[in-house]
Amino acid sequence: MAESVTFDSDTDFAGDAFLRAEALACQCGGRLVFENLSFNLSAGHALRLAGANGSGKSSLLRQLAGLLPLAAGSLAHPFTPSRHIHYLGHDDGLKAAFSVGETLAFEAALAKTDMAVSLLAELGLAGCAWQFVGDLSAGQKRRLTLARLLLDQRPLWLLDEPLTALDARGRTLVEDLATAHLAGGGMIIAASHEALAFATQELRLGAGA
Amino acid sequence: MLKALENISAHYANPTRFMALAAKWHAPLWGLAALCLAYGLYRVAYVPDDYQQGATVKIMFVHVPAAWMALFGYSFIFFASVAALVFRHPLGHVAARAAAPVGAVFTLIALVTGSLWGQPMWGTWWVWDARLTSVLVLFFIYLGYIALWQAIDEPTRAARAASLLAIVGFINVPIVKFSVDWWNTLHQPASVSRLARPALHADFLYPLLIMGLGFLLLFLALTLTRMQMEILRQKLRRRS
Amino acid sequence: MSLFMTLCGAHIRLAWRGGQTVLAVSFLFIAVTLLPFGLGPELKLLRALAPGLLWVVLAISLLTTLDKLFQADFEDGTLDRLRLLPLAFEAALLAKLCGHFLALVLPLILSVPLAGLLLNIDGARLPLLLAAMVCGAPALVMWGGIGAGLAVSVRRGGLLTVLIAMPFYVPVLIFGAAASQAALATGTALWPYLGILAALSAATILLAPFAIAAALRVAQD
């Protein structure tokens, strides 16, 4: 059971978190994926991005993370992507040659904190510390990627298909983490094919947007 | 002056307008190139034989301008890449891509004619003369550039990666040239096997310059034609 | 700074565990072993050619290690991680390249004395050769990084990386080989050559990360 999450006051931006997007457009591979997309998000709210494959959900998340340039439009938010945004893409970003323990130690080092022993239990990976990531199941790997959400408190979470490959236990974990995050004043934008229990808003991309 | 250039390049950034301009200049450019080369070759035929190298010195009139064009070509690619990446000029990538094989072929011509020119003197088909070596390395730089264009499937990404390579490479061409020149002086063999250019007497200078101009016009004509082909190809791709 | 060390250490661990160090060193020895078959086993000839041959073999061995540099990270999403760290992307890349140098290039350089033995290298030349290699190898790694960054989105782009980087290896090879001939040839001092090599390395260490970062951003757009 994840405990309630609070932000360290050195997230160093004034006031509440917010995000305003106006008339965003995205060019991916020379193709205009979407255009004229606008939405508003405030602290404590979660936006679910829905739409068919190829409608640009992942591209939009990458634009918000600063990984893809904006073809048009503007974004207003107080965040510095490298310090205030967690981006979990649909690639795991895990190294098969590392063990679970090493991965967590690496994540902790990147977050500049110490690794709590309870972290494994929280992720449902108790007893897996010496297993190599390459030997884990898909669900276990997805749970492992959530580690950085616990280690490093950042206000905005951008999640690409957070529930894929997760079993019931994994889904509960994600939902608990998300709910606690929102309760603490954070924001989430998640692309998902399925409905998300913690989402307060929805944005549909593609035909009929 | 700069502002005028800027305005001109902005005006022709539109592909349709550029194609109109290209169509107008196409025939005259080729015609001029052909005339210039013909006149140049005529002048070369009447250049007196070098007392040392005999008639083979006339290969120099192809070798040296080809080497000039090899370097000019890469500079052209550099400036086109800067225009494309830094100034976001839409035709920059087209120009760079069009010029690359042309420059590469001129480089190859420089290498082959250099070898042919030297063979009677040296008795071998190749020496690691400073200029020939630099041109050889430049040839590989061209090949790498063209290979990068071909290897990346997605056109915008290929264009940007290639432009990046051109800019990074261009900055290093002087370093490579300098080190190869230095290396050559270090290992100077006893017999002089450098491609000694005869003194630039007026008899030699003018035909050389005319051939140089002819090669330049040929380069521009070829590049212009390739640019037209590339724009048409892009139009076709967009329509399909 | 600690992020830099973390990334560097992670890359070293991955390279070591992936068996890349062993592969690279083995390649070096295999290449050196092939040489006498091509040149003939006459020891005097091999001794004369040894420093230059070892430089070339080092450069080629280095080139073979490049395709694993960024491709794995590009494909599994780690590159996104590196871009979203509190550390500048260029610094994160430099950390990876440092890790690459420590895990792969340093073992190659340390194998050179043993490989030189196979070529009957003159013992007096060995320290000069190693000093020159340590000064010049960073430039080779950085240029290799540029090639790897540009070719990262190409499947099986190893050969493309080599073709892109190879022309720019020429200055390093020229000065590196000259350095190892230096003291014995004409009694000239070693230091100018080491200085030039070190300058080339320093310049590439400073500038290459920006080029590589730009190339990787282009690949991800």
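In strand β7 of chain A, A:Ile189 is the bridge partner of A:Leu158. The structure is a predicted model, in which local features need pLDDT of at least 70 and side-chain atom pairs count only at pLDDT 80 or more, while totals for chains, interfaces and linings use all residues. Residues are numbered from 1 along each chain as its sequence is written, and chains are lettered from A and ligands numbered from 1 in the order in which they are written.

Strand β6 (residues 156-160) and strand β7 (residues 187-191) of chain A run parallel and are joined by five bridges. Two strands count as paired if DSSP finds at least two bridges between them. Helices (H or I, at least four residues) and strands (E, at least two) are DSSP runs, numbered from the N terminus. Strands of a sheet pair through backbone hydrogen bonds, either parallel or antiparallel. In chain A, an open sheet of five strands with parallel pairing has the order β5-β6-β7-β3-β8. Its edge strands, each pairing on one side only, are β5 (85-88) and β8 (201-204) of chain A. From one strand to the next, the twist averages 15 degrees. Axes are lines fitted to C-alpha atoms, for helices over the stretch in contact, and angles run from 0 to 180 degrees between N-to-C directions.

Helix α7 (residues 168-183) of chain A lies across β3 (46-50), β6 and β7 of that chain, and runs at about 145 degrees to β7(A). Two residues are in contact if their C-beta atoms, placed from the backbone, lie within 7 Å. Among contacts in chain A between residues at least 6 apart in sequence, 75% join residues at least 24 apart. Chain A as a whole has seven helices and eight strands. Its radius of gyration is 17 Å, in agreement with the value near 17 Å for a compact globule of 209 residues. This radius is taken over C-alpha atoms, and the globule rule is 2.2 Å times the number of residues to the power 0.38. Of the 209 residues of chain A, 40% count as buried. A residue is buried if 20 or more other C-beta atoms lie within 10 Å of its own, exposed if 12 or fewer, and partly exposed in between, with C-beta atoms placed from the backbone.

In chain B, helix α4 (residues 92-122) has 31 residues and reaches 43 Å from its first C-alpha to its last, close to the 45 Å expected at 1.5 Å a residue. The expected span is 1.5 Å times one less than the number of residues of the helix. A kink of about 30 degrees lies at B:Ala100, shortly before the proline B:Pro101. The bend at a residue is the angle between axes fitted to the seven residues ending there and the seven starting there. B:Gly123, whose phi is positive, near 85 degrees, follows α4(B).

Chain C has ten helices and zero strands. Its radius of gyration is 18 Å, close to the 17 Å that the globule rule gives for 221 residues, so chain C is as compact as a globular protein of that length. Of these 221 residues, 55% count as buried. Helix α7 (residues 126-150) of chain C bends by about 35 degrees at C:Gly136, and the proline C:Pro138 follows within four residues. Of the 25 residues of α7(C), 20 are buried, so this helix is largely enclosed by the rest of the structure. In α10(C), a kink of about 35 degrees lies at C:Leu207, shortly before the proline C:Pro209.
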